[in-house]
Amino acid sequence: MSQDAKEFGPISYHTQGDVALIGLNSAPVNALSKAVRIGVIDSVNEALANDSVSAIVLYSKLPLFSAGADISEFSGGDLSPMLPEVLEIIEQASKPVVAAVTGNAFGGGLELALACHYRVTHSKNKVGLPEVHLGILPGAGGTQRLPRLADAKTALDMIVTGAPTSVVKLGGVFDHVVDAPEETVEAAIEFANKVVADKLPIKRVCDINLSFDEQTKGLFTAYAEGVAAKTRGFFAPGHCVKAVEAAFTHSFKDGLSRESELFMECMKTPQARAQQHFFFAERAASHVSGLSKDVKPRSIDKVGVIGAGTMGGGIAMNFANAGIPVVMLEMKQEALDKGLALIRRNYENSAKKGKLTQAQVEERMALLSGTTDYDSLADVDLVIEAVFEKMSVKKEVFGALDKVCKPGAILASNTSTLDLNEIASAVSRPQDVIGLHFFSPANVMKLLEIVKGEKTADDVILTSMKLAKTIRKVGVLVGVCFGFVGNRMIEPYGREANRLMLEGASPEQVDRVIGKFGLPMGPFTMGDMAGLDIGYFVRESRREFIAHDPSYCVVADKLVQQGRNGLKSGRGAYLYEPGSRKPIPDPEVIAIAKEEAERLGIKQREISDQEILERCIYPLINEGADILKEGIAAKSSDIDVIYVYGYGFPVFRGGPMQYADEVGLSEVRDRLNYYKESLGEYGKHWFEPSDLLNELADAGKSFSSVK
Ligand code: T1G
């Protein structure tokens, strides 16, 4: 029977018998905002002051228990009462407080539960301390309370990796675990009543003492070394280890102070700014402005994929993984069989690694069918072509689809560079045409560039953005231009890497500098992996664009002309032993560069690492500025999402545009002007700062100010 019902802001309060129930009710994720913190304090004080209340249960009225601190508050403002203060009131409460962890509890949400005296949850639940992904660490006692309930290694793993953890692995943390989520609150009330009836002592985590024995010391030393090696470029993981160690070397009170000190050190870093920027950037990418307000998505119940090669097969897997039937079209049965066999091998490999059960493999394979007949695509709701990257071939395919596909079917191209509007001109329904640019391997890479054509209908755009989430991709809406956003910006990056080799840098020097900056591999290793012939093929289709620059990728062209296509041919910018992917420097390549430099009258010189970094990254950023100005990308954070998820740009730098904002746009502009002046004709052509960059730099603004 519910009595004394009242609300304290987004916190509901009522009593059931002599138990006060405090419900978190702040959509969408119970972020622990100022209003929530005040509401929790007021409702706890209400319960403590009410003599007929003998115990308190804290639960959530939303699917999530709580997503933790309100990250949007990190930008400043009056944040009192801070979360540690709220947790102190709960932990020191004179009546037992039981947390009914009804859904996922992350960050401050789990810290809130840890400050309670008892914790009840359900066996399917997961909890975590993901602060490290925001470039910080649990700042409300998580690093001090968790090791007092779980073992040191579990606490370190959770806090340093930020990974959600099944509650069944956290025996010491939860006092009672029920089977079904819906039993959690009642079980917590019963638990609270039992604590009162049995006069059990109030169990405060802060009262638990920890010993720092030799074994634990060894654990922390080894862990710190491992983290330093594995998380190069990140700042927070090392501090996470230090904070957890303080739980063993300090009193609880001093440990909290040490945690707070380390938290503030993290919060002040560019990595924290970058990772918090990226948290919102990733989510903002799915917010598409400008669509008509009453637009509804089309339903996608069956998909066709044209091409069963590496790309087509990977694309098809995304839909099978999401439970959507896929029919794959190839002109020859043999190509179909090969494609389906490759998909099965991929799934079987995942099963061997324990990522899939055999039943899941069969379920997914059952969703995949093949055909050599276009008519089999008559009933699909969406068809994606992944055929040869040649305009005439694409237009022929779309012409055929126009005849076969039902009205309202979405016709998508996976083209990575070609003009979608020209492709759309091959059909009678350009409003149904969109680009869905997957990145290879298509079943692995999270990024999906969604390319809107001039005539693409709003509901097709909306459907595609939602479909990205369905197939667990991060969809970013982009406009039509050569290379859209990602590949258009990678062009100057590759151009400069090749030019630097002519000027005297070696591939290994350039790759080392870029690797140290944080990309998973440098431009020469990346080129060898992808195949140098791919870049050559693109250049062949754009000779007019580079006609004025005789030095443009001349070494790469020579390598391809000699059949040195990279890893697949055992040699490219590097040499490769059979079966090995390890790049081996090749003096022949240096000799070719030297020879070409002499032919072109380029004087070779010692080039600094800083110049290499600036000449690879700043032109990429400069291209991004033009893309923003032209409206090809709606906001700079979309470009950051494309680069982190599509090209491995380090998330601790937030993406190229965030990185430029951190460096300062005036500095970026000034360095571009320096190279423009110091590199002769070459510099004058390629290093002209974007108008938008000049405009923002002159105004002392950032890319993130462009809305
Ligand atoms: N603060 C503010 N907004 C948040 C938020 C948060 N903690 N979590 C989510 N949102 C917003 C999000 O921006 C989106 O807004 C909407 O909620 C739905 O989110 C002291 C300092 C919980 C796994 O790092 O990982 O606690 O785009 O699309 O896919 O130690 O949200 O709709 O306008 O992601 O169902 C630590 C962050 C904080 C968890 C749910 N906690 N959140 O995923 O929904 S720091 C985190 C998530 C901290 C303390 C420290 C996910 C989710 P919009 P969503 P979802």
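How many Å separate the centres of domain 1 and domain 2, taken over C-alpha atoms? I looked this up at the outset, and the value is 44 Å. I note that the model is a predicted one.

**Entry: domains**

I consulted the domain assignment of the protein chain. It gives domain 1 as 2-265, domain 2 as 303-478 and domain 3 as 486-705.

**Entry: ligand shell**

I then turned to the ligand and listed its surroundings. I found 26 residues around the ligand, and the closest are Ala67, Gly108, Glu111, Glu131 and Arg283.

A nitrogen atom of the ligand lies 2.8 Å from a backbone N or O atom of Ala67. For Ala69, I found a polar backbone atom 2.9 Å from an oxygen atom of the ligand. At Gly108, a backbone N or O atom is 2.8 Å from an oxygen atom of the ligand. I also checked the cover: the ligand taken alone exposes 1,000 Å², of which the protein buries 70%.

**Entry: strand β16**

I examined strand β16, residues 433-438, and found 6 of its 6 residues buried. Val433, Gly435 and His437 point one way from the strand, while Ile434, Leu436 and Phe438 point the other way. Residues on both of these sides are buried.

In what sense does β16 pair with strand β15, parallel or antiparallel? I find the parallel sense, over 3 bridges, with β15 spanning residues 410-413. Within this pairing I noted Ser413, whose bridge partner in β16 is Gly435. With strand β17 (residues 447-452), β16 pairs in the antiparallel sense over 5 bridges. Here I located Leu436 opposite Ile450 of β17.

**Entry: Lys217**

Where does Lys217 sit? I place Lys217 in helix α7, which covers residues 214-230. Is Lys217 buried or partly exposed? I looked up its relative accessible area, which is 34%; Lys217 therefore counts as partly exposed, because this value falls between the cut-offs of 20% and 50%. I also compared the position of Lys217 with that of Glu245: the two are 28 residues apart in sequence and 8.6 Å apart in space, C-alpha to C-alpha.

How values were computed: Residues numbered from 1 in each chain as written. Predicted model: local features only at pLDDT ≥ 70, side-chain atom pairs only at ≥ 80, totals over all residues. Heavy atoms only, no water. Helix = DSSP H or I, 4+ residues; strand = E, 2+ residues; numbered from the N terminus. Buried < 20%, exposed > 50% of the residue type's maximum accessible area, 1.4 Å probe, protein only. Domains from an automatic or database assignment. Pairing = 2+ DSSP bridges. Near = heavy atom within 4 Å. Polar contact = N/O pair within 3.5 Å; in protein donor to acceptor, adjacent residues only side chain to side chain. Areas by Shrake-Rupley, 256 points an atom, 1.4 Å probe, with all protein chains shown as cover.
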